[in-house]
Amino acid sequence: RHFRYEALEPALRHAEQAAALMRRIGHGVEVANACRIAGRMRLVAGHFELAEQHYRHALAVPPTAAESGTGLQVNSHAELAEALLKQGRQAEAEQHARTALEVSSRIHGPEHRWTMVIKLRLANQLLAGGSSSEAMALRAEVEQALADERGEYDSQFRADMASMLSFALVDRGRPDLAEPLQRLDHEDLRQNFANSYVLAACEAALAEVALTYGRYAQAQSLLEGARIVWQRYAGGQAEPVSSANYTIVGTRLAMVRGDFDKAWACVAADTLPTTAARGRFHRDTVRWVLEKVRVQIARGFAAEAAALADGEWQALRRQLGPRQLPDSEAKLLLARAQARRALGDAIGALADLRAALALRRPHDDSASLWLAELLVTLAEALADGAADGVADLSARAEAAACLAEAAEIHAQHPPLAAHLAAAPVRARQRWGL
């Protein structure tokens with residue numbers, strides 16, 4: 001009950017006590033489950049390195065004779081992968097996610113509900129890391145299985161899967177397709193887990209979609225309710241990364257209303273994570289950085305914005321090594337490009353935007369709003385370059401092509417919010433198109 005509803009602090013305390021006790025006196029599955037619960041609570045709190053420790057304890061527990069071959073470690077591998085991914089440790093996360101899927105498929109069967117969850121988790125991890133073809137193939141297998149009427153696929157399971165399916169759609173630039181799945185999950189949570197932090201997280205996600213499509217009052221209402229529930233539950237015990245979604249939506253609402261001081265108060269209320277263990281490379285932290293950069297530019301602090309974007313980009317690249325995180329990298333490149341444009345560095349901005357496009361094209365849906373955003377921004381940066389005399393004669397044709405592609409994407413979505421719809425209009429006017 002503490003885990004879902006009441007308060008994070010007693011949930012953490014009881015979970016840690018149970019895990020410590022079971023490691024002293026327990027055996028097999030009871031020890032592993034206690035460690036897993038403690039790890040889950042640390043994930044909720046944004047203590048990713050402590051979650052990792054608990055999952056590794058769970059994996060080190062030998063099964064009893066009766067538990068041998070029962071897949072005791074499947075969930076521990078899957079949840080350890082999640083803890084590692086949130087720290088930006090792509091290769092290790094993928095290894096554990098693949099192990100979880102292999103064991104679950106062998107022990108439980110390829111269409112068992114646990115296997116379906118683990119397969120979709122792996123698909124989402126692979127997509128985040130740029131392995132789009134394999135990720136989409138795994139996702140298709142899950143969707144095909146869900147099309148069957150299996151007794152074990154009850155309504156709550158289907159709602160949970162809808163939520164997980166929506167994650168990739170948002171990352172790939174299709175919030176319009178994600179919203180029906182989020183609403184399915186929201187209805188299940190509202191009926192079964194009212195006032196829980198999980199419902200609050202779902203409502204924050206729905207608020208972000210509402211904001212994208214110009215439903216500002218709905219976004220504000222969803223955000224206010226969700227934030228109250230989360231703050232009551234967290235009680236100051238969670239790391240800032242855990243509340244980043246609420247920060248991001250609140251900041252965007254203030255920005256579209258032109259209240260830059262309120263936007264700054266929101267985006268700067270907490271300190272950005274500075275270590276991988278506490279979420280520096282988490283996808284929500286990267287989104288938070290992008291919003292902070294935009295607010296800094298709007299308030300006239302472009303140099304500070306450029307320094308922030310460049311510092312986070314460089315840190316992420318060092319963390320990833322040869323690996324990729326296309327969505328996160330593209331967001332940081334967009335942030336740096338916007339800051340460079342504000343500083344008059346058209347050449348640097350163009351380089352960043354083209355690099356971001358190269359990351360997004362193989363990763364995103366062909367009708368991705370995030371791809372359209374980059375295309376429009378590139379058209380504006382080309383206009384900057386033309387005005388500064390640093391663009392070549394092909395700039396106008398390139399800008400026209402970018403804006404035409406963006407228009408095709410926008411036509412496949414519901415009407416966009418006014419602040420988003422205005423950007424391509426402004427770019428066309430600058431080029432006289």
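This is a predicted model: local features need pLDDT of at least 70, side-chain atom pairs count only at pLDDT 80 or more; totals for chains, interfaces and linings use all residues.
1. Start with the rings. A pair of aromatic rings is described by the distance of the centres and the angle of the planes. The structure holds five aromatic pairs. Two of them are taken up below.

2. Look at W230 and Y233. Their ring centres are 6.1 Å apart, and the planes meet at 40°. Planes under 30 degrees apart would count as stacked and over 60 as edge-to-face, so this pair is tilted. Both residues sit in helix α11, which covers residues 216-234. They are three residues apart, about one turn of the helix.

3. The cut-off for buried is under 20%.

4. Now take W230 with Y246. This pair is stacked, with 6.1 Å from centre to centre and 15° between the planes. W230 belongs to helix α11, while Y246 belongs to helix α12 (residues 244-256). The two are 16 residues apart, and the pair links distant parts of the chain. Both W230 and Y246 are buried.

5. Which residues do the ring pairs join into a cluster? They are Y197, W230, Y233 and Y246.

6. Last, check N195. Its phi is near 70°, a positive value in a residue other than glycine. N195 lies in the loop between α9 (175-192) and α10 (197-212). The relative accessible area of N195 is 47%, so N195 is partly exposed. Exposed would need over 50%.

Conventions
Residues are numbered from 1 along each chain as its sequence is written. Side-chain values use heavy atoms; hydrogens and water are left out. Rings of Phe, Tyr and Trp (its six-membered ring) pair if their centres lie within 6.5 Å; planes under 30 degrees apart count as stacked, over 60 as edge-to-face and the rest as tilted. Helices (H or I, at least four residues) and strands (E, at least two) are DSSP runs, numbered from the N terminus. Buried means under 20% relative accessible area, exposed over 50%, partly exposed in between (1.4 Å probe, protein chains only).
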